[in-house]
Amino acid sequence: MSQGTSTMNRTDELAALLDGAAQAARAVQPFDPEGRLPMTEAYAVQAASIARRLARGERRVGVKMGFTSRAKMLQMGLSDVIWGRLTSGMQIGDGDTVALPRYVHPRVEPEIAFVLKRPLVGDETAAQALAAVEAVAPALEIIDSRFENFRFTLPEVVADNASSSGFVLGGWHDPRQELGNLGLVMSFDGRAVHVGSTAAILGHPLRSLVAAARLSAAADEPLQAGWVVMAGGATPAEWLVPGSHVQLEMQGLGNVGFHVAPAAEGHGEGA
Ligand code: OOG
Ligand code: MG
C-alpha cells in the first residue's frame, strides 16, 4: 500500500473522469482512440460512473439502447448495438425547458419508450417481451457525448453511458397495437427536421426491447417492473438550437416535446 497516492483503479478513474465531465458539462479527450479497451471493461466504467450518480441520490429507472437503427450507425460510424443505464436525474418533463449550459454539445433524436409491468429475465421472444410491457410512449432522447467533438470509439461511448444525458416521455398508450411501422416526424419550431418510422429500430422496436432484456440480464441487472426502456433513435440526431421548440409526433401515440432556452447573454465560459 502506498500512502498518499490514489487507491483508485483505472475503472474508477475513468468513471470519475466521465461523471465529472457530465457534471461540469465540459468535454474530455478520448482515452481509448484505438478502441482497445475490452467491452467488459467499458461496461464496468459505465456501471461505476452510474454508481456515482446513485450515490448522489439519483434512482435507477431503466435502460437505453443505442445504435439500433442504420441511421444512427451510419451517423456515428459504429455498428454494434450498445446499451446504457437511465437514472431519475436524466428525465425531463414533457413540455419542460432545458438550459443549454447544462450540456457539452447536445443532440436530440426520436425514439419510442416502453415501461414494464413485469421483470424480463433475458431470453424472451418478442411476444413474451410485449406481454411484460405496461405501456408505450413517444420519446425524445437528448444525447451529449462527454468526448470532444462528439467523436469516440465503441469502448469510449459505452464507458460514457452511450452518450445518455436526458430523456423525455410523452403520454403512455396501450402496447397492444401496431408498433412495428409507426410514422414519425421530429420538428424544430414546427419545421420537420427528420421523418421516419419505428421500423428503422431493428426492423421492429420490440426487437430492441428483447435485446435490452438479454443484455441487462447478462450484466446481472435484469429489467425490472416499472423500468423504462428507450429503444434507440429512429433517425439521425440533430443539434439542439437555442430558443427552439423540439417536438416528436408519432403515428397513433401522439406528441412529446420540450423547449430549449434561448442562449443566455452575459455569461462567459466557465461561469
Ligand atoms: C451514442 C448513443 C446512440 C441511439 O439511440 O442510437 C443512441 C451516440 O450517438 O452518441 O442513443
Ligand atoms: Mg438514443
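This is a predicted model: local features need pLDDT of at least 70, side-chain atom pairs count only at pLDDT 80 or more; totals for chains, interfaces and linings use all residues.
**Exercise 1: helix 1**

Work out whether the end-to-end distance of helix 1 agrees with its number of residues.

*Solution.* Start with the count: helix 1 covers residues 10-24, which makes 15 residues.

After the helix comes A25, whose phi is positive, near 50°.

**Exercise 2: the buried side**

Find which residues of helix 1 are buried and which helices they pack against.

*Solution.* First, pick out the buried ones: T11, L14, A15, A16, L18, D19 and A21. Then see what they pack against: helix 2 (39-55) and helix 5 (154-159).

Now hop over to helix 5, where you'll find V157. Is V157 buried or exposed? The cut-off for buried is under 20% relative accessible area; V157 has 2% relative accessibility, so it counts as buried. Beyond its neighbours within four places in sequence, V157 touches F67, L78, I82, F147, F152, A162 and S163.

**Exercise 3: a pocket**

Describe the lining of the second largest pocket.

*Solution.* Begin with volume: about 220 Å³. Of the 14 lining residues, A22, Q23, R53, R102 and S165 are the closest to the centre. Sort the lining by type and you get five nonpolar, three polar and six charged residues. Finally, ask where they come from: helix 1 gives the largest share, three residues.

How values were computed. Residues are numbered from 1 along each chain as its sequence is written. Chains are lettered from A and ligands numbered from 1 in the order in which they are written. Side-chain values use heavy atoms; hydrogens and water are left out. Helices (H or I, at least four residues) and strands (E, at least two) are DSSP runs, numbered from the N terminus. The expected span of a helix is 1.5 Å times one less than its number of residues. Buried means under 20% relative accessible area, exposed over 50%, partly exposed in between (1.4 Å probe, protein chains only). Contact means heavy atoms within 4.5 Å. On a 1 Å grid over the protein atoms alone, a cavity is a set of points where a 1.4 Å probe fits but cannot get out, and a pocket is an open set with protein on both sides within 12 Å along at least five of seven lines; lining residues have an atom within 4 Å of a point. Grid points are joined across faces, edges and corners, and a volume is the space filled by probe spheres set on the points. Ala, Val, Leu, Ile, Met, Phe, Trp, Tyr, Cys and Pro count as nonpolar, Asp, Glu, Lys and Arg as charged, and the others, Gly among them, as polar.
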